Amino acid sequence: MFKVVHYLNQFFANIGGEEKAHIAPEVREGFVGPGMALNNAFKGEAQIVATVICGDSYFAENTDTALKQILEMVKKYNPDIFIAGPAFNAGRYGTACATIAKAVKEELGIPVVTGMYIENPGVDLYKKDLYIISTKDSAVGMRDAVPKMAALALKLAKGEEIGTPAQEGYIERGIRKNYFAEERGSKRAVDMLIKKIKGEPFETEFKMPVFDRVAPNPPIADITKAKIALVTSGGIVPKGNPDRIESSSASKFGKYDIEGVFDLTPETYETAHGGYDPVYANQDADRVLPVDVLRDLEKEGKIGSLHRYYYSTVGNGTAVKNAAKFGQEIARQLIADGVQAVILTST
Amino acid sequence: MVKEIERAGLPVVHMCTIVPISKTVGANRIVPTVAIPHPLGNPSLSHEEEKALRRKLVEKALKALQTEIHEQTVFED
């Protein structure tokens, strides 16, 4: 029977939510939480011998130390396979799963599987290096994800040939493989062309990579004359959240007047953001949106001025498509208002 | 959002704790911050010390905005 080590965050290990996101790595014998479903899906061919657990914030803020500790823990059990997550659309968790899985694969030489939603930032970082089973964006997708992760893990452990992304359910890694097609290239190309002309769906055999990078703009020549705007994805809003920005999967952003505001206080501002411990931001929102310091710099003539409005949304699980739309609209308004540079803060 | 603001022609500096995510998203000027729930603060410091820390980070962001770059750049100390 193959030995499996499983990785979970504090939430899926049932330790707690954000208030426990700072916990250091620990290891438990056997399965924990969703590990039970994985274990069942192995149908006796493999077994979770240990579960490594780490808080999402702890891992993100102490990546080097945490990674070293976790590798030691995994090594001790000498598993045949390592499984992380699934992390669905949780950004810190996904990044942790992928970072750890990559290190286990490369440093310990153990095959790894993880699972994520396509927009999880962990996907773009490591899809080339790892098998990442494509999941739904929330834990609702656990039932779909588990059998696929288990099946792929068993194949890897047995050293069997791994099929295409569509067959196995993993996210495309950009790897091309030679194979013998039944029909020759000219015929396939003409068939594809005819489908295209008819408006029917067709599948290209040569996908081009998608790069979306924007070149950096030239710097500000004289910052002491520049009008600077604050934008945040950390969800800082006037107390009471007047626009009712959602705590996750935000559908909108807010624009707030800070004329005459020199300091954000617990009585006047708070965060609408879910997914991180809001205590610190609610105590002093300057910790996310540095209005106090920018006012000082403005008074001292170190910057031209702080723009009268700041823009805020919640970055927690927000669709990339929505975030791009917010960014376009915010930029349009800022340019119309004569803003020359932007400080964007994220939690 | 960072990328769209940059695309529109405004220089933008991203202040965030998880630098790899910022890089993936496509931010060009990146200033690493303290911690996820309090990027520009540290509740274990006194109010004055905390504000001084925040000022240092914001000054670093201003410096980033005044620096000519040709590729994604993380502004460490």
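1. In what sense do β13(A) and strand β1 of chain B pair, and over how many bridges? In this predicted model, β13(A) and β1(B), which spans residues 12-16, pair in the parallel sense, and the pairing runs over four bridges. Within this arrangement, Thr345(A) stands opposite Met15(B), a residue of β1(B).

2. Turning to the contact between the chains as a whole, 52 residues of chain A are in contact with 44 residues of chain B. On the side of chain A that touches chain B, at least two residues each come from α2 (56-61), α4 (91-108), α5 (121-126), α9 (279-283), α10, α11 (320-336) and β13 (341-345). Of the elements on that side, α11(A) gives the most, with ten residues. By class, the residues on the side of chain A that touches chain B divide into 31 nonpolar, ten polar and eleven charged.

3. One helix pair across the two chains deserves a separate look. The crossing in which α10(A) passes α3(B) is right-handed.

4. As for the residues involved in that crossing, α10(A) brings Asp292(A), Val293(A), Leu294(A) and Leu297(A), which meet Lys51(B), Arg54(B), Arg55(B) and Val58(B) in α3(B). Sorted by class, this contact of α10(A) with α3(B) has four nonpolar and four charged residues, with no polar ones.

Terms used: Residues are numbered from 1 along each chain as its sequence is written. Chains are lettered from A and ligands numbered from 1 in the order in which they are written. This is a predicted model: local features need pLDDT of at least 70, side-chain atom pairs count only at pLDDT 80 or more; totals for chains, interfaces and linings use all residues. A crossing is left-handed if the near helix is turned anticlockwise from the far one by less than a right angle, and right-handed if clockwise. Two residues are in contact if their C-beta atoms, placed from the backbone, lie within 7 Å. Ala, Val, Leu, Ile, Met, Phe, Trp, Tyr, Cys and Pro count as nonpolar, Asp, Glu, Lys and Arg as charged, and the others, Gly among them, as polar. Two strands pair if DSSP finds at least two bridges between them.
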